[in-house]
Structures are given as C-alpha cells and as structure tokens.
Protein chains: 2
Amino acid sequence: MAQTKIIPPVSNAYNYPLLIKRLLLSGPRYAPDQKIVYADRSEYTYSDLVTRIHRLANALTAAGVQAGDTVAVLDWDTPRYLECFFAIPMIGAILHTVNIRLSPDQVVYTMNHAEDDLVLVHDDFVPLLEQVSGNLETVKGYIQLTDNTSAKSTSLDTVKGEYEALLAQAGDHFDFPDFDENSVATTFYTTGTTGNPKGVYFTHRQLVLHTLTQTGTLGFNEQMPLLRSNSVYMPVTPMFHVHAWGVPYAATMMGVKQVYPGRYEPELLVDLLKKHQVTFSHCVPTILQMMLDTESIKTANLSNWHVLIGGSAMTEGLCRAGSKLGIHLYTGYGMSETCPLLSTTYLTEEDVRLPLDEQINKRVKTGIANPMVDLEIVDANGQPQPHDGVAKGEVVARAPWLTQGYLKEPEKGEALWEGGWLHTGDVGTIDPDGTLMIRDRIKDVIKTGGEWLSSLDLENLISQHPAVAATAVVGVPDEKWGERPHALIVLIPGQDASLEDIQEHLQQFVDSGEINKWAIPQQIDFVDDIPKTSVGKINKKLIRDELA
Amino acid sequence: MAQTKIIPPVSNAYNYPLLIKRLLLSGPRYAPDQKIVYADRSEYTYSDLVTRIHRLANALTAAGVQAGDTVAVLDWDTPRYLECFFAIPMIGAILHTVNIRLSPDQVVYTMNHAEDDLVLVHDDFVPLLEQVSGNLETVKGYIQLTDNTSAKSTSLDTVKGEYEALLAQAGDHFDFPDFDENSVATTFYTTGTTGNPKGVYFTHRQLVLHTLTQTGTLGFNEQMPLLRSNSVYMPVTPMFHVHAWGVPYAATMMGVKQVYPGRYEPELLVDLLKKHQVTFSHCVPTILQMMLDTESIKTANLSNWHVLIGGSAMTEGLCRAGSKLGIHLYTGYGMSETCPLLSTTYLTEEDVRLPLDEQINKRVKTGIANPMVDLEIVDANGQPQPHDGVAKGEVVARAPWLTQGYLKEPEKGEALWEGGWLHTGDVGTIDPDGTLMIRDRIKDVIKTGGEWLSSLDLENLISQHPAVAATAVVGVPDEKWGERPHALIVLIPGQDASLEDIQEHLQQFVDSGEINKWAIPQQIDFVDDIPKTSVGKINKKLIRDELA
C-alpha cells in the first residue's frame, strides 16, 4: 500500500457521511412547488413530500421501528413508495422492496431471510399475506396501504393502522440522525433458475454515489436529455426492481416532476404519458410493447418521450417500431447486484444524424460503461479480451455501488466477486468505440475449441432456415472440443428438414466467417416443443439436464 | 449513535475507494478523439492525455517522487497543468498549486510550509525561484516547463530536466495504485489581510464527490447548459485558484473539448473564444471586464457563451453589459476552503422569459445551494436566521468536500469549524425562494443595536449623495449600541457636504424602512483619500486600527 498522506480532521470539523437524507436537500430547494403525481388519483408538491417523509419517520418510530430493523414494502409504484425510499433508510432502518411477482413460497422465504420486522402492504397484497402470515417468522406488525377512503378489513393481526391515517396523526418534524455511511439502506432478492432467491443489499454510501453519477450521466449528453430540470419522469420499471433503477432518488435530488403510475395498466400508462407530457421513462421491452399495442397510443405525441430500455435486450424490431412513433429509445445495462447502473447508450452529434437503421444498431447495443464504472470482458482465466467487437468474454465490473455480497450467503458472495471483480454472468463483446454488446448468459455459452460460442447467435442462424419454427441450442460435454453445440428444433408444420439440411444451411455462415466450423452441431433433435420456464424463457438448464 | 446494520463485505469484494484516477475512466471512453487545446500553440486528443498522464507519472517517479511527497506547480493555464491535476495525486503525491501572484516572500513561505519536494516551474517563474531558491528549505529538485523548443538555461541547480523531454523518455504505462480515499490530493494557500497565508487541503474522496456533484449540477438545468457533452470549455480562472473551480476534473470525466489559454491576455482569450466557439467559461468580474474592453470582442458571436462569475460580486452594470452582447452570465459562490462549489444561479423556465432587468437581478445574486450542500445563515450564537431576504447571518456550510482544517494550524482550523459548521466569514441573506445573496464580510459588518448592518449597504446609500466621490464605513466600539458606524467620505472636488447633510440624506432610507435609525453614522470624517490594500480593495482593517 502506498504511503500517502492522511491528515486527521480538526476536532470539530464535520465529517460529512454520504447519507440518503442528503439527497433530499436540493430538490425541494430548487422546486418546492414542483409536482409529484399519483396516477389519475392525486398529486402533491415537493414541500409536501418533505413533510410526509418526516411524518412517515415519526409514524414508523411510533410503530416500534428502530435503526437496524428491516421494513418490508409490498406496493405498486406510488408516491408512498417514494416516501419509503427516503424515510425508512433515513431513520437507519433497512427498506426491503418485496418482489410481489414471486410465488407465495418465495415471498415467505425472502421475508424470513431478510428478517422483516414491519410490513407495509397494499390492499391488493393483503390476501397473499393473509394466506402465508403463519409462516412469517420475524414480522411484528403491518401497516395497510390503501387507495380507497378507508382501509379494507383484514384477518392480519397486529395491524398498526392505515398509512394515511398514521401520517395524519404524526408530527411533521423528525430529527434524522447521522450514522455510518456504510449502513445498509436497502435489500431485495434476485432469482435464478435454481435454488432460493439471493438477497442483495446496498448502503447509504452506495446509493448516494449511484445517484450522483446517474444525475451527471442522464442529463449530460446534449443528444440524450433523459433527466433534466424540465423533465417529467414516470417510472415503468417496478420500484421493487432495483430501486426502479435508482432514478427516483436522482429525480428527487434534482426537483423534477414525477408521475407514479400505480399498477401498470397499458391504457392508463399511455393516458398519463399524454396528460403529463412525460419526457422520461425506463422499462423492460415487454412493457413498451404492451404500450405500443394500445389503442390510445395512436393519438399520442411521443416525440419528446425518451425511454431507457433494460432488463432484457431490445430487439431491432421493437426499436424500429418505437422510433417510427417518434420515441427516443436507448439501452441501459445492469442487474440486481449492480444497483443497477453499469452502461448506457451514448450517442454523439454524428450518431443522431445517421439514417434510422444505423441509429437502431447503436441504440439496441448495451452502451458505453458509465462514469466511475470499470468494466471489462474476461476469459475463463480472468484475462481481459480485446475490444474488437468479436472477442467474447464475461462482463466483469467494479463501481462504487455494487453489492458487497449476498445476504447471509458468504460463499455465493465470494463466487460473485471471484478475483476481486463482480461477475455479471453475461458474455459480451466490446466494439473498438467502447460499445458493449451482451451476447449470452455465461452458463448458456458453449465453450468449444477454445472459443466462446454464443448459443443465442447460433439459435438466430438456425432460425433463418425456412423450415424452422423454433430452436434451442445448449452445450454438451465433448472429449475433444470441451463442449459441442446440441440443437433442439421444432419444425414448421408441413415443412421438413434433416440434420444435413441444417448443417448445410449453417455452412454458409462458416464460409462467410461469421462462425467457426466447430459451431455446426453434430447433434440435432427434432422435437415437438422447447421446454420453457414459468416466465416463458427457454429452460436451458432443464434441456442440459435431460441431455446429460 | 443509531445502531444501524453494517455488513462486512465478502473477503474478495472490491471495496472501491473514491480516487482521482477513476475520474479518468469515462472521458476517454466517450470521446477518445476529442481535443484538448493549448492556446494558439498545440492540441492533442483525450487518448493522448491518458498516455501523457501515464508518462508523467513515470517521469515523476524517476525524479524521485514517492507517495506522500508534495509536488509544487508554477504554471499558467495549460494542458500540462491538467496532466498534473491527475498524475500527481494518482501516484499518491500531493499537488501544491502555487499562487504565482503572491509576493516572493509569501511564495517562499507557502512552499516551505507545504514542504514541497519537487517543483515544476514555467520559464516565466524561473527568475522568481532563482531569486529565492536559497530560502526553499525542502525542495530537492526542479522540472522546467517551457513553451519554447528548448528550455532556457537557469542558475537553479538540481534541475531534473525539461517536462516534454522527460515525458518523451518515459514509459507510457504506469500502474496507478489503490490507496485510502482520504489521502490528501491537493493543497494551496489562501491569503487574508493579516498573518501568513493559510494552507487548505483536499482529499481524493472530496475531489471525486465535488466532481460528481458538479457534473450533475452544471449539465442538468435545461436553461443553463453550462457543461454538456457538446460544450467547449475554457477556464479563465487560474488553475492555481481552487483547482480552477474543479471544472477541469468534471470536463475531463465527461470527455468535453477543453481549451487552455496559457497566460491570460485579453485579446488572445477573445480570439480563442471565437476560434473554438467556446461555450463555457468561469472567471472573476475583472477578467470579464477586460475581455469586454477588447477591440476584437465587437466581432465575436457570444450568444452561445455561458459564463459563471465568482470570486467577487458581479455588478449589475457588468451583467447588463455582458448580457447585451448575448453572453449568458451566472454567479457561482465558494472559496478556497470549500473546494469551491457551494451555490450557483438557478434559473427556471419562467426566469429566462423575464425582461432583462429582472433576469439581471437573479443572475447577480449568489444562487441556490448546490446538491449535497447544507447551507445556512446564522447569528452570532449559531442560530439559523429566517429565509426572508432581510435577516442577515453568517453563511455556514456542510458539504462532502470542505477542507477539514488548515495545514499544520489546528487552532485556526477549529475556528473555521466552530460548532461543526464551516464558517465562510461572509454575511448574507436568503430569499424565500432559497436564493443566497452575500452582503458583506463578517469582519466588516457592523453589529449595532442587536442588528447586523452591512457596511457595503451603507456605503452604497452614502454614495448616492451627489457630493460624495468615495466612502468607506467601518464599525467602531460603542458602549450603548455595541458598535456604531463610522464613515470616511471623499468629496467630489468643488462640492461640499456636512455631517448633517449626510445624515439628512440617510434619513430618507430610514423613513422608507431600508435601514434602522441607528445605522446613521454619528461620526463622519471628510478625508482626501480612502486607504486601499495592494489589490485595490478598501483596507478596513487599517481604517479600524487608525480609529481605535
């Protein structure tokens, strides 16, 4: 370690910890009368937001919450949730944003594993909790969130009251304490194809640094005015999903208008877009597609709507369809473990003058790593690969806001951080201009002949055969090559194709240099159906297990 | 202290320290071919910048510099200086930005006090160092900075070589180490009217946080596109003066074009403005006035030039003159002790549609506190004063980037941080909309009848009397009132006025409620001249001493 000079502060200097309460200083100062809107229901100002956060802190404290406790929230995207983003960590407690899309068993698992003390639950999720409350081992009480004038009755015991009623009773000043910036502020769970959900967690310091960097990034690019003082922000990524990508913190810090859409209903989302002239949203491709499929979108002016797409890859088709409606589409990349900011589309003045097709090619890629993010693609030995747009490697990252392990599972955390870099589990290429492109999940990539072959790339090529309806490719162990690709193919009814036909089809891509010759599968099963997971993705783990 | 939850990172997680080297990740990634220009002399790309920083690190190490050493720089505003902003702290050493405007004795004092080990000195300052080198107690060697093809000869011994020659010999990769983010990165000296200059110092963590916040702030406001991806940045505040307000770090992090003007020559500055279509600068009012006074400014298109004014107050006259030329003028507030970002003009959509006079009123005020900055005005007991635009208080601040003391003078550091807030020594008001306005220095403010009376305000009112050419007001002790104002007045030749005339003149402002009746001086000396300091400011300390 270098012997640098460190001077202790004078005894009375204020050693400023990076706490979430500090993100609340500037927004209300810049724009005290700016609006925060709840769907088609209600709205209030930034000044109100501050008061409500203080009241919520008093209400939580009155309900017995102490620093170090964990408070779970089950809600749609609401200003209430935004208040929880601030008040719960600001009193030193931990906000557990419960994934309401998990199965009841998984919800119980995560709430027990996180050791939730108090639960804030929307009416719509009370039946779920009534069903499983006997299995919740640490929960001491509930607060009901309701969108009706009075809370529904519930069989849950230990209900402390209804959110708005508790806020109305609470004092409007809370003296938020200073504490260690490395205190845990939030936690939530990430699911894989196997095993229990894993808990990630983020500290005050991490969330402040994520917010500061995101604010600089989202407003800075002249061609991409995602989040600026005049913006109107509406999240269309659930707030339980990686803090809605952290944007509610950034938007609040800067005092921009925010619209929280409640439960996602495509027609309502489009109506809110129109009514509030929303300029910035972020979402997964599926939600965008649902919005594009509505009737009301046909009469919307979308030319000022900038949308960051993440969660899974935006197809060129979706990008083209959205762009033709005037929407400005960009890609963001990150995951639960990364808070999530890692990379974002970065367009230059020249890029935005390109013809649409060339722009689409830029916009669907995974973007350039954000400021402060150190990002590489590495081979199985951790060696960085060239940035030539061809060489593939696992995407690994360092940044000041990455989970420092998995909750109570140190061995999984150490696997995540192998070699001191966070392993994303994604395989990508980096173009000479720095643009990252995700090609596959590393567990699905086929390591053959010393090369990494993307199962997705090979599926795309096989799909181009006119007789193929669907296909899935996995790697199977091979003594000579390490692994070889094995394809499942569903043929279009009435069409026919043989192993040789498919191989011949693929030979053209070998000839053109797109793939190596060992990428051509020797083993192809023609099947009736491809196994899928519960969310409709190809279940490659099951295919590999069945082929083993 | 609240008992929050802190989870130790897993053993191999990378615990990301906030180091200046991390600010260098994104700019070259966004814009490797973007230009960094040196006046009318030369230019290079961001890729070159990275290579030159690595080479400089190798050259410094070869010259014997180690982590913890202090490296002094005496230079004009150059890309070399930008390289020093990065390379010196990145090897764990401390950059001492020497104030070349100090007297030779003061330069010697600061260099001995900072314990400078190596000195990088421009040809223009070699004579100064030749004159005093016998008195430099810690300096072990020099590197010459020259703008000519070969370095001038010098009588300084222990010259290690010329900067460009040393870089040419050095390897182009340096493995910059990680170390504690609280390591000191920079130091420089602030001067008062009495005593020796005082050393302030900033850590890697502080400079990174300042940069992240500044980037968000300067690009975010739709009405104030100060620093954005398409910007062309030219500092007109010396780089030895509070890191040129930290903007070189922010500009480099984001990959914008930078123009370094060398020694400030008004005609050259205007030529560079025109040639590079500079969009963003910052400077003190005097330099702007000098540029406005040039011949060549008359043919410049200044409608895209955004200028942040600081250091001393921008007068309404200067703001009007600049605005009429199309320049977008804003005020920034901070000081050596504060890194310096504290507050900046903040204009809304409505503000920029106001008539010019009303805009000027907004633009000359000291602005709204920046994100992460906790700022108050307090009375002598540290009690916050109302934000009503009338109540005066000393401006105190907390932010993550304030000097944590004065170098080797803990008692002065403790006075700076009295009560855990950094005391700026400025007296201001805060408007109901949050806008700060600096009214006086606290040592010049007159504490009379339980009120704080701004000596500047009173001088302004007295100046409005038609016979008054110049005036200075100081507080003198008074048994009944605490202090009472005492005025010196220089009359316009051929004009006459008595004590009573002046009092009668001031009575109208008492009648209109602008000042209290005890603000009217009972003691007025009609004098031939007002004592001034060496930089032309009214020397109120001397006046008070002479009246005592």
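Six salt bridges are counted between chain A and chain B. One of them joins the side chains of A:Glu222 and B:Arg228, with 2.9 Å from N to O. Please keep in mind that this is a predicted model.

**The interface in numbers**
- Contacts link 81 residues of chain A with 81 residues of chain B.
- About 7000 Å² is buried between chain A and chain B, and carbon and sulfur atoms give 61% of that area.
- On the chain A side, the residues that lose the most area to chain B are A:Tyr30, A:Phe220 and A:Met372, which together make up 12% of what that side buries.

**Polar contacts and who takes part**
- Between chain A and chain B, 38 residue pairs are in polar contact, with both residues at pLDDT 80 or more.
- Elements of chain A that give two or more residues to the side touching chain B are α1 (26-30), α7 (204-220), α8 (247-254), β16 (368-369), β17 (374-378) and α13 (410-416).
- The most comes from α7(A), with ten residues.
- Sorted by class, this side of chain A holds 41 nonpolar, 25 polar and 15 charged residues.

**A seven-stranded sheet in chain A**
- The sheet is open and mixed in pairing, with its seven strands in the order β7-β6-β5-β3-β4-β8-β9.
- Each of β7 (159-162) and β9 (198-203) has a single partner strand, so one side of each edge strand lacks a neighbour in the sheet.
- From one strand to the next, the twist averages 20°.
- Strands β4 (94-97) and β8 (184-190) run parallel and are joined by two bridges; A:His96 has A:Thr187 in β8(A) as its bridge partner.
- Helix α3 (79-90) packs on the sheet, touching β3, β4, β5, β6 and β8, and its direction makes about 145° with that of β4(A).

Key
Residues are numbered from 1 along each chain as its sequence is written. Chains are lettered from A and ligands numbered from 1 in the order in which they are written. This is a predicted model: local features need pLDDT of at least 70, side-chain atom pairs count only at pLDDT 80 or more; totals for chains, interfaces and linings use all residues. Side-chain values use heavy atoms; hydrogens and water are left out. Contact means heavy atoms within 4.5 Å. Buried area is the accessible area (1.4 Å probe) that two parts lose on being put together, summed over both. A salt bridge is a side-chain nitrogen of Lys or Arg within 4 Å of a carboxyl oxygen of Asp or Glu. A polar contact is a pair of N or O atoms within 3.5 Å; within protein, one must be able to donate a hydrogen and the other to accept it, and residues adjacent in sequence count only if both atoms are side-chain atoms. Helices (H or I, at least four residues) and strands (E, at least two) are DSSP runs, numbered from the N terminus. Ala, Val, Leu, Ile, Met, Phe, Trp, Tyr, Cys and Pro count as nonpolar, Asp, Glu, Lys and Arg as charged, and the others, Gly among them, as polar. Two strands pair if DSSP finds at least two bridges between them. Axes are lines fitted to C-alpha atoms, for helices over the stretch in contact, and angles run from 0 to 180 degrees between N-to-C directions.
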